[in-house]
Amino acid sequence: MIQHHRIRRMCLTCVILAWGASSCNESNSASVVGSSTSYFSLVDYFDREATRLQQLAPSIVKTVAKNGEQESKEIRIIDWREEFALFIDADINKPAWQNSYHVDSSNVSAVIYKSIDPKLRTAQITVEKQEDGSVKHIQIVNKVSNMLYHTDEELDYYPDSLYRIVKRQRVRVIGESDYTVIGKWK
């Protein structure tokens, strides 16, 4: 079995790569102060989830993989807000993006927010709801592309069941890397 410090190192690598991708697109990290949201607010939703899960302190089986090498461990998340950072960073409620997403609510149980501008990091958000209006599943697709690298991220969240982060990165000089983080409620 891979030692515990290797899981931490793999998690840290994923976080650093995610931070690097988001920091290259500064407008994506701008905060919204005093503005009304016109789209589903990932910030509000995951803040509420983080608070709720912080109180519940569920046991999670967390699997971290890099290029096929993986390790799983049962843990309790200490900081859910930090755990949901990539989900929160994908929020599209920025004043400058007020008309940058097409909203498709033709499906009664899901709303899809699709970027009109291919330069925006968050390409699509799908929010599926239960009959009672509660969130059933959130899927986020992020894409970053420039001369040096191309990154695809798929983030999924199923309340009280599973969260998954899949990242594929192609760096011109280094090559391809795949990262996956899966948390399953025990």
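## Basis and overall fold

The model is predicted, so local features need pLDDT of at least 70 and side-chain atom pairs count only at pLDDT 80 or more, while totals for chains, interfaces and linings use all residues. Residues are numbered from 1 along each chain as its sequence is written, and side-chain values use heavy atoms, with hydrogens and water left out.

The chain contains 4 helices and 9 strands. Helices (H or I, at least four residues) and strands (E, at least two) are DSSP runs, numbered from the N terminus. In sequence order the pattern is α-α-β-β-α-α-β-β-β-β-β-β-β. Of the 186 residues, 41% count as buried; buried means under 20% relative accessible area, exposed over 50%, and partly exposed in between (1.4 Å probe, protein chains only). Among contacts (heavy atoms within 4.5 Å) with a separation of 6 or more, 48% come from residues 24 or more positions apart.

## Helix α2

The end C-alpha atoms of α2 are 21 Å apart, which agrees with the 21 Å that its 15 residues should span at 1.5 Å a residue. The expected span is 1.5 Å times one less than the number of residues. L42, Y45, F46, E49, A50 and L53 are the buried residues of this helix. Seen down the axis of α2, they fall within an arc of 130 degrees, so they line one face of the helix; the arc is that of the directions from the helix axis to the C-beta atoms. R48 and Q55, on the other side of α2, are exposed.

The buried residues of α2 pack against α3 (80-83), α4, β5, β6, β7 and β9. After the helix comes A57, in the loop between α2 and β1 (59-66).

## The nonpolar core

In soluble globular proteins, nonpolar side chains tend to be buried together. A nonpolar core is here a set of buried Ala, Val, Leu, Ile, Met, Phe, Trp, Tyr and Cys residues joined through side-chain atoms within 4.5 Å. The largest such core has 31 residues, and F46, W80, F84, F87, I138, Y157 and Y163 have the most contacts inside it. At least two residues of this core come from each of α2 (42-56), α4, β5, β6 (135-145), β7, β8 (162-171) and β9 (175-185). The largest share, 5 residues, is supplied by α2.

Residues up to four places away in sequence aside, F84 touches F46, E49, A50, L53 and Y157.

## Aromatic pairs

A pair of aromatic rings is described by the distance of the centres and the angle of the planes. Rings of Phe, Tyr and Trp (its six-membered ring) pair if their centres lie within 6.5 Å; planes under 30 degrees apart count as stacked, over 60 as edge-to-face and the rest as tilted.

For F87 and Y157 the centres are 6.3 Å apart and the planes at 70 degrees, so the pair is edge-to-face. This pair links distant parts of the chain, with F87 in helix α4 (residues 85-89) and Y157 in strand β7 (residues 149-158), 70 residues apart. F87 counts as buried at 0% relative accessibility, and Y157 counts as buried at 0% as well. One aromatic cluster is formed by F40, Y45, F46, W80, F84, F87, Y157, Y163 and W185.

## Selected strand and loop residues

T126 lies in strand β5 (residues 122-129) and counts as buried at 10% relative accessibility. Its side chain and that of Q124 are joined by a polar contact of 3.4 Å. A polar contact is a pair of N or O atoms within 3.5 Å; within protein, one must be able to donate a hydrogen and the other to accept it, and residues adjacent in sequence count only if both atoms are side-chain atoms. Neighbours within four places in sequence aside, T126 is in contact with V111, I112, H137, I138 and Q139.

Most residues other than glycine have a negative phi. A57, although not a glycine, has a positive phi of about 50 degrees and counts as partly exposed at 32% relative accessibility. D160, found in the loop between β7 and β8, is not a glycine either and has a positive phi of about 60 degrees. At 42% relative accessibility, D160 counts as partly exposed.
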